Amino acid sequence: MTLHQRPPAVLVLDDGRTLTGRAYGAEGSTTGEAVFVTSMTGYQETLTDPSYRRQIVIQTMPHIGNTGVNDEDDESRDIWVAGYVVRDAARRRSNWRATGDLEARLTDRGIVGITDIDTRALTRHLRDKGAMRAGIFSGPEAQRPNAELLAEVRAAEPMAGANLSAEVTCDKPYTIPAEGEKKHSVVAYDLGIKTTTLDQFAARGIETTVVPADFTFEQLTELDPDGVFFSNGPGDPASVTNAVDVLARVLEAKIPFFGICFGNQLLGRALGFETYKLPFGHRGSNQPVLDTANGRVHITTQNHGFAVDAPLREVVTAPAGEHLGRVEVSYIGLNDDVVEGLRCLDLPAFSVQFHPESAAGPHDARDLFDRFIELLDGAATVTPSIETTEGDNAHA
């Protein structure tokens, strides 16, 4: 479909700002939280990341769709975004791995989008005002009065307080076998898990049993795993109380634990820290973080709108109780000093806010999966703290 053949579309923001463009994907209407993604590649992985549930994704990369889509790069069973915003939609795909067109897949999955708008201006607006509710209206829906469209946007449920893990989790447990010799068994809580995470476990000889978000601690112990993993996922971590309760008992039982993204936020809450909503979040494959143990900088893939509120450069006793021991921040976001990881010094548990499975994105942090293997192997659970690590003073 050429640009002049596309029906009109309009993007309406919660603060009243309106941008006009053309329909992209399915026609109709949709609402969600408007967020921008700075990745230059990997739009298929973005669209199929469950962490984008109920969000309208704005791609800052202007040209989208040129590599089409394929049958191998999906990160989950579906496309989860509430809507899709691009500046220049590719007229045709051109990639040897492509098995279909991006717009055709969006249309088939009922994803309402908009193209031919100034995504740079839109991103700068959200960077200044913060992520906010928005709506995309295309075809006949775009002809409705602006006041009516704005009212619909403002009636949409905000992301703060939203419990969305139940909407993206699996229906029942399933097992991903280890590649080659089985070395360990892990229970992974599907809070919005990504396929590449499971691939990283399998490649390291881990047999992973993936369980629903409401899986109880009693059910967990029946499986007798060597370790527990909490995945990435959408929504407000303060709303997911059952998973936090399970994790608190995992920590008390000293079962090795690893968490990614949403799992990092839930570890923070299980340890007694608060979480809060970021103004516009971190979403993209170019986010620098500092490893507080050695001063190394990693370029990471991220997708989160909430963060843990914990002291950045000091070891503290877990606010939830002395029985959980000492905790420190293991990674710090270099753009805005956001907590990017937690490390328990007296328990076999750690987590990161970014995505070490890196799908798509740089592979700087994939060794974190090996660190989890060390915990499962029974290696030392305590790593040098930021108070005693040589070289940290340069970054203090």
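Trainee: Where in the chain does E75 lie?

Mentor: E75 is found in the loop between β5 (63-64) and β6 (83-85). Please bear in mind that the model is predicted. Although E75 is buried, this residue has no salt bridge. The nearest side chain of opposite charge belongs to K194, 4.5 Å away, whereas a salt bridge requires the nitrogen and the carboxyl oxygen to be within 4 Å. The side chain of E75 does make a polar contact, at 2.5 Å, with the side chain of T196.

Side chains of opposite charge can pair when their charged atoms come close. The structure holds 26 salt bridges. One of them joins D14 to R154, with the closest N and O atoms 3.5 Å apart. This pair links distant parts of the chain, 140 residues apart: D14 sits in the loop between β1 (8-13) and β2 (18-25), and R154 belongs to helix α4 (residues 146-154). D14 counts as buried because its relative accessibility is 18%, while R154 has a relative accessible area of 43% and is therefore partly exposed.

A further salt bridge is formed by R93 and D101, whose closest N and O atoms are 3.1 Å apart. R93 has a relative accessibility of 36% and so counts as partly exposed; D101, at 36%, is likewise classed as partly exposed. R144 and E141 also meet through their side chains, at 2.5 Å from N to O. E141 is partly exposed, having a relative accessible area of 26%.

Helix α9 (residues 262-270) has eight of its nine residues buried, so the helix is largely enclosed by the rest of the structure. Among the buried residues of α9 are F262, N264, L266 and A270. After α9 comes G272, with a positive phi near 105°.

Strand β15 (residues 274-291) is mostly covered as well, with 13 of its 18 residues buried. β15 pairs with strand β16 (residues 297-309) in the antiparallel sense, over eleven bridges. Within this arrangement, K277 stands opposite F306 in β16. The two strands, β15 and β16, form a hairpin with five residues between them, and G295 in the turn has a positive phi of about 80°. β15 also runs antiparallel to β18, to which three bridges join it. There, D291 stands opposite Y331 in β18. In a regular strand the side chains alternate between the two faces of the sheet.

The surface provides a last point. V297, I299 and L334 make a nonpolar surface patch of about 220 Å². L334 is located in the loop between β18 (326-333) and β19 (339-344). With a relative accessible area of 40%, L334 is partly exposed.

To return to your question, E75 occupies the loop between β5 and β6. E75 is a buried residue without a salt bridge, and its side chain is in polar contact with that of T196.

Conventions. Residues are numbered from 1 along each chain as its sequence is written. This is a predicted model: local features need pLDDT of at least 70, side-chain atom pairs count only at pLDDT 80 or more; totals for chains, interfaces and linings use all residues. Side-chain values use heavy atoms; hydrogens and water are left out. Patches are made of residues with over 30% relative accessible area and no salt bridge: like charges are joined within 9 Å, nonpolar side chains (Val, Leu, Ile, Met, Phe, Trp, Tyr) within 5 Å. Accessible areas come from the Shrake-Rupley method with a 1.4 Å probe; for residues, only the protein chains shown count as cover. Helices (H or I, at least four residues) and strands (E, at least two) are DSSP runs, numbered from the N terminus. Buried means under 20% relative accessible area, exposed over 50%, partly exposed in between (1.4 Å probe, protein chains only). Two strands pair if DSSP finds at least two bridges between them. Lys and Arg count as positive and Asp and Glu as negative; His and the chain ends are not counted. A polar contact is a pair of N or O atoms within 3.5 Å; within protein, one must be able to donate a hydrogen and the other to accept it, and residues adjacent in sequence count only if both atoms are side-chain atoms.
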